[in-house]
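Dear colleague,

I am handing over the structure below, and after it I describe what was found there. Please keep it open beside this message while you read.

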Amino acid sequence: MDKMDAATHVMKKKRPREDNEKTEKVKKRRRVDESDVCQNKQKAESDEKQPRLSAKVFGEDSEISYDQLYRFLKYSALGKRHDAAHPSWCRVHHRRRLAGVVVVVLRDVGQLHFDRFYLQFKHLRKIFRHRFSLPPASDDFMKELCGSGTNDAPQISRQVTRKDPIIQKYGEEGHGLSRYVLTAEEMRLNDYPLEGFSNYSHFVRTRCDGPATDSSPLFGLDCEMCLTDKGSELTRISVVDARGRCIMNELVKPELPIRNYLTSYSGITEELLLPVTTTLADIQVRLKKLLPSDAVLVGHSLNFDLQALEMVHPNVIDTSLLFARKGGKRFKLKFLAEAVLRKQIQRTDGSGHDPTEDAKCALELAQYFISQGPRKVAELNLEARLLKQRETGEAWNGALPQQKNGVRKPIQCLLDILHSVGQKTLLLGGQNEGASDNCQNQTGSPNKQVLQRALEEIPRSSFSVIQFALDSQHATPNQVAETVSKMRTKLANMLTLYAGPFAKDFCLKSLKRTFKKYGHVLSIRAITETFEPHVCIQYEVLEAAQLAMESLNGAEVAGFSVKLQRPVTEETLDCEMLVKELERDADNEGVLYLAGLGKAQSEAGLQEKLGYLKDLNAIFLPRDPRTGKQRNYCFLKFHTPESASHALEAIREQTARGSKLQSRRALTPARLHKWFRHVNQNGGKLLASQPPLEAHFLEKERPFALEEDLKKAMKTLDRRIKQLHRCLPNHTLCVVLLPGTNRGSELFQGIGLLGIKGEKPASRGCCSPS
């Protein structure tokens, strides 16, 4: 075989091997591709099932009542349970996948502050994409949310001090159940049966053979007794397991004749015990078999029950001692059931107590204490509630009492509803936070302390209400009026344009028609103080002023090349930056401003006229507040920002072809239009853009530092919300409320912002109704 044949032979041997290797590589690539497709499909399906929001809050419908907000929060936390209907204004998709709900309340801060210090709220406006207006602050809403007291109900503070007996006994941090089991010394001091004491030498010991652990099972126990010559003897026993299921409910025949059945308390009668043959010894045997070796018995003043049972059990949680009081006093079980569990027990009709009900109630009280922790229990302020009950002669459970005429109905506190279904809740901060004793000896502001506790406790709670307070010097009526005044001035300056120069014989009416193409003109006046005539135009909305600036600055108007500019003041120095930020704002995503409308354009007619615009979702047509006549501009809401961009290009093409329509991206949310109308004064004119000279010097005399402090306060609140949001688990619904205030004579509305952490950007543009 020559060299050529040998080479050919070698190539033939290599070729099948190379072909096999290529085939294996192709198969491997296919497997990888199929795996990627599968993973992408699973990821897409997972994304589809993630919780998200879709809110219909556009135009004049952007104001939400506090009742609507309460129902939204109730539905978000409970679903369709407890008559929690799905809200119509905002839909929560895949609600069950929410990791929790957090409500942040910025007290004495409102829409005015959000708009006045818009640039300072950098994180707040970027994190939360859904917004809505609120009426001025409602105390009733906070009562419904967290039971914070009313004018005619007890003003019960939920603040906690170091002097609180519960905090003194257990500290502030939560513990496992073993921490709340009575020590041997506590049992001795409270007359519990103990081994080694002659009084209890004949008592029977349960099978308990060691200390309790945090995983030990809980059993609720309650007994009823009657009086015999021996003293108190057992006549009935009830035991419930950790789920509240009754596992023993027995009548017991006393050894000696009964002298007093104590029917009004025990419910025991002679007829009831007549057929009973079960003895105390029988119960002791059954209990020893029933209770595991590490069982923890729970009861209210359980020492009396164990004495009647003549049994020794070392692991006990006594709810009369668990909910500690000053001076060694004890709360009654009936009161704790009402104040903590919102339950009515122990009927007063003379039929006696139900031991199963009492055993279950004591068990639930212990479980509540263990799950919520000492601080949360201390925040219930049980002493104040008991005092109010004694003063009024009726129980107070955090709800607004019924008025005598029956007009007002009790308010059902949402936190209490959540407690009743086993959800762990958290309430931090409040109006009196700064005055609470626990803040006096600590460094840092009350808001900082609230934030630190929130960062620690929110991950352990399913529903949290966090309240930050504005410093009292910034919430006075004078400061609110000052902020309103500055906001008016800034708006007036941003809505005002100076244009010129013009000929000395220019026609003001003709110029008004020119400037009116871009939106409603509130006023136009000639300025003759300049060497060449100029005009001052004041628009109704910011979009009109900005559109005129962009369209006419440097253009030829009335035969002259004119220059347009805003008043040069401290308030307008950052105007360009503000406009850019407003264009990118979530409120304005997918929204266009459209001017140049004809007269009496109905929404249906406008929809037909704009039929060439795709994905148009809603139209907002502002009207004159006095006459009701339609303005010559409107706002268009599209399903997505991309649709809005395509629509803007289409409108500009129509304008280039001779259409009268003028358009740009929106700058102001619809909620501000009410504010615009509110600040209109003196026959439709805003405040003068330049204050008189006397006012200028008065302004200089005002404490400039206070305005700067307020700006810093807003920036600090914004930073705290950023820190709080960063620690939230993914898929947590977060609602931030700036409720405004009723202080002062000015309209001081609120604003709400909401979002789900980790919500995909694609869902932000969704504004379809539920």
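Which residue just after helix 2 takes a positive phi? That residue is Gly 79, whose phi is about 75°.

Before going further, please note that this is a predicted model, in which local features need pLDDT of at least 70 and side-chain atom pairs count only at pLDDT 80 or more, while totals for chains, interfaces and linings use all residues. Residues are numbered from 1 along each chain as its sequence is written, and side-chain values use heavy atoms, with hydrogens and water left out.

Helix 2 is mostly covered, since 10 of its 13 residues are buried (buried means under 20% relative accessible area, exposed means over 50%, and partly exposed lies in between, with a 1.4 Å probe and protein chains only). Among the buried residues are Tyr 66, Leu 69, Tyr 70 and Phe 72.

Because the two residues are four apart in helix 2, about one helical turn separates Arg 71 from Asp 67. An α-helix has 3.6 residues a turn, so residues three or four places apart point the same way. Arg 71 counts as partly exposed at 46% relative accessibility, and Asp 67 is likewise partly exposed, with a relative accessible area of 39%.

Across the whole structure, the search finds 26 salt bridges. In one of them, Arg 131 meets Asp 587, with the closest N and O atoms 3.3 Å apart. This pair links distant parts of the chain, 456 residues apart, as Arg 131 is in strand 4 (residues 130-134) and Asp 587 is in the loop between helix 22 (575-583) and strand 21 (591-595). Both Arg 131 and Asp 587 are buried.

Another salt bridge joins the side chains of Glu 255 and Lys 230, at 4.0 Å from N to O. Glu 255 lies in the loop between strand 8 (246-251) and strand 9 (258-260), and Lys 230 in the loop between strand 6 (218-228) and strand 7 (231-240), so the pair ties together parts that are 25 residues apart in sequence. Glu 255 counts as exposed at 65% relative accessibility, whereas Lys 230, at 45%, counts as partly exposed. Elsewhere, a network of salt bridges links Glu 172, Arg 375, Glu 379, Arg 453 and Glu 457.

Finally, please look at Thr 277, which is placed in the loop between helix 9 (270-273) and helix 10 (280-290). Thr 277 is exposed, with a relative accessible area of 66%. Although Thr 277 and Lys 253 are 24 residues apart in sequence, their C-alpha atoms are 6.0 Å apart in space.

With kind regards
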